[in-house]
Amino acid sequence: MTNQRAILAVADLSVDLGGRSILRDVSFNLYPGQLCALIGENGAGKTTLLRTLLGLISQRAGTVLIDGEVPRKHRALVGYVPQKITFDPDLPLRTRDLVRLGLDGHHLGLPLWNSRTDAAVDAALQAVGAEDFADRRVGELSGGQQQRAVIAHALVRKPRLLILDEPLANLDFGSANALVDLLGKLIAQQQMTVLVTAHDMNPLIPVMDRLVYLVDGRAATGTVAEVVQPEVLSKLYGYPVSVLRHGGRILVLPDAPENADVANLNRCAGH
Amino acid sequence: MLAFLSSQPVQTALIVGTCAALVSALIGVFTVLRGNAFAGHALADVSSAGGAASFLLGISPLLGFLGMAWIAAFGMEFLGVRKARERDLATGVVLGAGLGLSALFLYLDVTTTSTTGATVSVMFGSLFAISRGLIWPAILAVLAVFSLVGVFYRPLILTAVDPDLATLRGVSPRWMGLLQLLVLGLAVAVCALAIGAVLATALLIGPAGAAIRLSRRPGQAIVWAMLFALAAVWVGIWMAYESYYWFSGNAWPVSFFVVVLIFVFYVLAMLGSAQHRKLRRGAATALPGLQES
């Protein structure tokens with residue numbers, strides 16, 4: 001696998017926004033067919049990293065290469081699913097129309113009927129299991145269905161890299177599991193490469209190949225076994241943390257201060 | 001009916017009214033999609049200052065309305081406010097300043113020129129009193145709006161749906177925003193000429209608002225909006241003409257009838273879509289029961 005060219009190569013990336021340093025020396029590679037999870041708390045820099053990968057923000061230092069080119073040159077290779085799009089219930093737009101905009105929304109002229117376009121739209125709808133609500137307005141759909149609609153919008157141009165920002169954040173357990181299954185299926189059936197951000201890594205553990213763990217703009221990268229280690233994460237956080245594993249689930253917790261007495265701990269737990 | 005159609009002011013009113021209905025329906029749908037109804041309303045109101053100034057400068061009122069609408073549009077765009085609440089504030093401030101100018105110009109119109117009735121015709125329109133010379137400029141404005149929207153149809157819709165998705169397709173939301181304000185200004189000018197600056201909003205927002213409730217596709221919404229707007233304008237003109245006989249020689253203003261009809265259409269569309277949704281929900285809950293039996 002490593003003799004293939006990386007679909008995404010990030011090297012020593014540093015990004016500033018409004019004079020503040022948001023990302024510092026982030027490096028990782030992503031190879032075709034992998035699922036990479038970008039894990040971090042709110043404010044760790046996940047969305048900034050994604051927007052830089054998409055060429056929407058420019059970096060202060062370092063490089064981002066998508067299939068060997070700068071992001072702006074390779075827009076068609078990347079499909080992006082933003083964190084949350086609010087569709088007004090009255091928006092006169094069917095799921096099918098939203099997907100079609102992913103294919104030709106940047107074209108000039110009126111959208112005329114075209115059997116090739118129709119076939120591509122149908123294929124994208126089918127890939128995410130959205131056939132049942134293809135002709136309903138996107139604003140009327142549930143959160144999970146809307147997300148599938150946006151994924152189909154991103155998939156319809158057959159990107160090689162699919163980037164999803166916090167896709168699990170607003171979903172119940174059932175929809176979250178269904179989405180994780182869907183991502184696994186896309187990788188297996190369409191040779192897609194997937195980059196997903198999340199603040200909880202657990203739902204993604206069964207499908208992820210690699211992980212980029214972001215803390216305050218700095219990253220540790222590798223497999224779960226390599227990165228989710230007390231020594232690695234303590235260094236990243238800058239204070240001691242423990243990693244608890246239980247039944248295939250992982251919990252990262254800051255260590256209790258050594259001088260904390262039991263009463264103090266109890267009081268904290270009570271709040 | 002023949003007398004109605006052969007009257008020259010009625011012909012002019014029908015042509016200019018049709019222009020206003022078509023552009024406002026088209027642009028109205030994009031304005032409502034983008035959640036820009038208040039900005040559209042403000043542009044129309046502020047354009048009254050241009051209409052009022054046109055009497056002082058001796059230029060075509062269409063140019064007056066258009067000039068002021070564009071100044072206000074670009075003013076709002078360059079205030080460049082991104083948060084919805086701040087955008088409303090900026091719009092409100094521009095609106096207030098514009099109406100203040102309008103008050104001054106209308107005062108000067110009435111005191112320094114011989115234009116009696118300038119206030120009513122600028123603010124509330126006088127469709128039967130439009131000069132025939134304005135027919136071609138109005139038609140040109142409509143053609144400009146239709147060609148621009150025709151060329152940029154898909155990027156405009158994609159931007160209205162979500163600016164980030166548009167950026168990723170290489171469409172600049174900023175340029176699309178400017179384009180939309182440009183055509184909105186043209187639409188506002190034609191509407192203000194037809195039914196007055198203050199009432200232009202009704203034509204811009206009402207038919208589009210009603211149409212959106214009844215449509216599942218943007219193109220369908222535009223067609224519905226055009227039907228509503230044309231019906232309101234045509235029937236409104238006819239009613240105003242006939243009202244001369246209803247009220248023993250005192251015809252009521254066209255704008256009044258147009259606006260009332262738009263309101264009626266909007267309420268009917270709301271009731272219709274609510275009823276439709278109730279029926280659909282009813283069908284959805286009834287189905288599992290049917291499958292069990």
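1. A:Leu13 stands opposite A:Val26 in strand 2 of chain A. This is a predicted model, in which local features need pLDDT of at least 70 and side-chain atom pairs count only at pLDDT 80 or more, while totals for chains, interfaces and linings use all residues. Residues are numbered from 1 along each chain as its sequence is written, and chains are lettered from A and ligands numbered from 1 in the order in which they are written.

2. Strand 1 (residues 8-17) and strand 2 of chain A pair in the antiparallel sense over seven bridges; two strands pair if DSSP finds at least two bridges between them. Strands (E, at least two residues) and helices (H or I, at least four) are DSSP runs, numbered from the N terminus.

3. In chain A, three strands form an open antiparallel sheet, order 2-1-4. Its edge strands, pairing on one side only, are strand 2 (20-30) and strand 4 (61-66) of chain A.

4. Chain A is divided into domain 1 (8-228) and domain 2 (230-271), with bounds from an automatic or database domain assignment. The contact takes nine residues from domain 1 of chain A and eight from domain 2 of chain A; residues are in contact if their C-beta atoms, placed from the backbone, lie within 7 Å. Strand 8 (210-215) and strand 9 (218-222) of chain A each supply at least two residues of the domain 1 side.

5. Between chains, 26 residues of chain B are in contact with 24 residues of chain A. Helix 8 of chain B gives the most to the chain B side, with six residues.

Terms used: Contact = placed C-beta atoms within 7 Å.
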